[in-house]
Amino acid sequence: MASKLTPLAMAVLELLHERAMHPYEMAQLMRERFVSTRVKVKAGSLYHTVDRLVQNGFVEAVETQRDGKRPERTVYAMTDAGRDEFVDRAQDMLANPAEEYPEFLSALAVIDELGPEMSLTHLKHRVLRLQAAIASDQVVLENLVNEHKLPEVYWLDWSYATARRAFELQWTQKLVEDLESGRIRFQGHCTPHLNLVTEDDSDERATS
């Protein structure tokens, strides 16, 4: 049984919906379309992903091309099985929230251990980086709308990513304000002990 299609495999099959192409062309189009904002794209992993898709019968080699003295490039097309698997996986990804583990959550969990000065310094750095990223997002969005005139349905992924980044900026700015004002207080690196006594334990102690 084939394993679930990874986000990179989905990106490959997404391109092959348009036409057959070789991995080098896939990589170029992924750069042009900012696919790296939602998928980690590296040349080695891209070729490995294409090989896995071939092994699973989801894509197949249809021809080889040679441009001058450059090495031959194999052109791949999606199979019927690949199209079916793509649709099934897309439906699953659309309907079911995935368990994801952002690093930021792990960092937030240890803020008290870092202390006020260090935590606030780095949170403010994060705010600046998010502001720069959002400014860059706006340039790309204006490009998509005004220059390329792409219908919005083709860049919903980008729209979602920018909205999520904007929310993160707003949330982080509020966190900085709350920490500086003392509304959220640092506890001096003390982790409160949870009361893990069960109801049965309480009854036993009361009767002993």
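Modeller: A crossing is left-handed if the near helix is turned anticlockwise from the far one by less than a right angle, and right-handed if clockwise. This is a predicted model, so to speak of local features we need pLDDT of at least 70, while side-chain atom pairs count only at pLDDT 80 or more and totals for chains, interfaces and linings use all residues. Residues are numbered from 1 along each chain as its sequence is written, and side-chain values use heavy atoms, leaving out hydrogens and water.

Biologist: Okay, which pattern does the chain follow along the sequence?

Modeller: Helices (H or I, at least four residues) and strands (E, at least two) are DSSP runs, numbered from the N terminus. Here they come to 9 helices and 2 strands. Reading along the sequence, you get α-α-α-β-β-α-α-α-α-α-α.

Biologist: And is the crossing of α7 past α8 left-handed or right-handed?

Modeller: Find α7 at residues 116-147 and α8 at residues 156-181. Where α7 passes α8, the crossing is left-handed.

Biologist: How many salt bridges does the structure hold?

Modeller: The pair of R126 and E168 is one of them. Counting across the structure, we get 12.

Biologist: Pick another one. How many residues apart in sequence are the parts that E14 and R38 tie together?

Modeller: The side chains of E14 and R38 meet in a salt bridge, at 3.1 Å from N to O. E14 sits in α1 (residues 7-16) and R38 in the loop between α2 (23-32) and α3 (43-55), so the parts they tie together are apart in sequence by 24 residues.

Biologist: D178 has a salt bridge too. Is D178 buried or exposed?

Modeller: The partner of D178 is R183, at 3.1 Å from N to O. Buried means under 20% relative accessible area, exposed over 50%, partly exposed in between (1.4 Å probe, protein chains only). R183 comes out at 57%, which makes R183 exposed, whereas D178, at 8%, is buried.

Biologist: What about A81: what separates the C-alpha atoms of A81 and V59?

Modeller: A81 is in α4 (residues 80-95) and is partly exposed, at 38% relative accessibility. Not counting residues up to four places away, A81 touches G57 and F58. V59 is 22 residues from A81 along the chain, and their C-alpha atoms are separated by 8.3 Å.

Biologist: Last one: what share of the chain's residues count as buried?

Modeller: T172 and D178 are two buried examples. Taking the 208 residues of the chain, the buried share is 28%.

Conventions: Salt bridge = Lys/Arg side-chain N within 4 Å of Asp/Glu carboxyl O. Contact = heavy atoms within 4.5 Å.
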